[in-house]
Amino acid sequence: MASDVPTVYHIKWWCSSRVVHLSRELGLRPEQLKIEVIDEKKLKEDPDFVKRNPLKVLPYYESGTGFSMVESGAIVQHLLELYDKEHKLHPAPAGAGASPEAIEKRAKFLQWVYYGPASMYHAVLPIFFKCFGVDKDKRDQEALKPLVEKWTNKVITILKAELSDGRKFLLGEEFSAADIIVSYDLMTASFTGEEELLADPVIRSYFERVSARPAYIATYAP
């Protein structure tokens, strides 16, 4: 049954982790956002849940006021608009009359919020599935090679270009929700055991900074 408290449904390691990670960075209380951990059986077979979430996907969010959402980037942006009133984790909307710097920062933030789920996720997931549960010396390296090349061209090259000026995080010196979005896919890459995915020193240093934060550790620690 749906709750009257905003609720995100979550399976650990799944892309609902982006929303859970954000909630921890924001320090949300249970009455602000309830995190309900479920299993795959409930997601796909529970009649009531499937009726409410017919796509059978995560993250799945219920507002507590009668509407629901899917898509991690959209849910992250929605929660930021609700709870990050001081814009600590996202730049304020920048319309006509804003400075060029403010417009660019907001535009870049939106780019990363959508780039993670739309591009990075689809580049890393095929690699993860070919590696998961397979000893490294038994992996099909010929099948992995084009996937790794795609990851390098579509992800590492783009991220490195953004970070090559020495900034600590994607939007500059301050951590933001853009880093939350991107760190999920870097985390997935790290779990493959294929060291070359994160071998670039710029990307490795960036991921080390993001993954050292307490909210990241609380979300992804075994």
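**Exercise 1. Classify His21: is this residue buried or exposed?**

Solution. The model is predicted. Start with the area: His21 has a relative accessible area of 0%. Buried means under 20%. His21 is therefore buried. Last, list its partners. Beyond the neighbours within four places in sequence, His21 contacts Phe175, Ile180, Ser183, Ala215, Tyr216, Thr219 and Tyr220.

**Exercise 2. Classify Pro30: is this residue buried or exposed?**

Solution. Find the residue: Pro30 belongs to the loop between α1 and β2 (34-37). Read its relative accessible area: 63%. The cut-off for exposed is over 50%. Pro30 is therefore exposed. Now take a distance.

**Exercise 3. Describe how helices α7 and α8 cross.**

Solution. Two packed helices are described by the angle between their axes and the distance between the axes. Take α7 (residues 177-190) and α8 (residues 201-211). Their axes come within 10 Å and cross at roughly 110 degrees. Angles of 65 to 115 degrees count as roughly perpendicular. The two helices, α7 and α8, are therefore roughly perpendicular to each other. The crossing of α7 past α8 is left-handed.

Now name the contact residues. From α7 come Asp179, Val182, Ser183, Leu186, Met187 and Ser190. From α8 come Ile203, Tyr206, Phe207 and Val210. Sort them by class: seven are nonpolar, two polar and one charged.

How values were computed. Residues numbered from 1 in each chain as written. Predicted model: local features only at pLDDT ≥ 70, side-chain atom pairs only at ≥ 80, totals over all residues. Heavy atoms only, no water. Axes fitted to C-alpha atoms, helices over the stretch in contact; angles between N-to-C directions. Helix = DSSP H or I, 4+ residues; strand = E, 2+ residues; numbered from the N terminus. Parallel < 35°, antiparallel > 145°, perpendicular 65-115°, else oblique. Left-handed = near helix turned anticlockwise from the far one by under 90°. Contact = heavy atoms within 4.5 Å. Nonpolar A, V, L, I, M, F, W, Y, C, P; charged D, E, K, R; others polar. Buried < 20%, exposed > 50% of the residue type's maximum accessible area, 1.4 Å probe, protein only.
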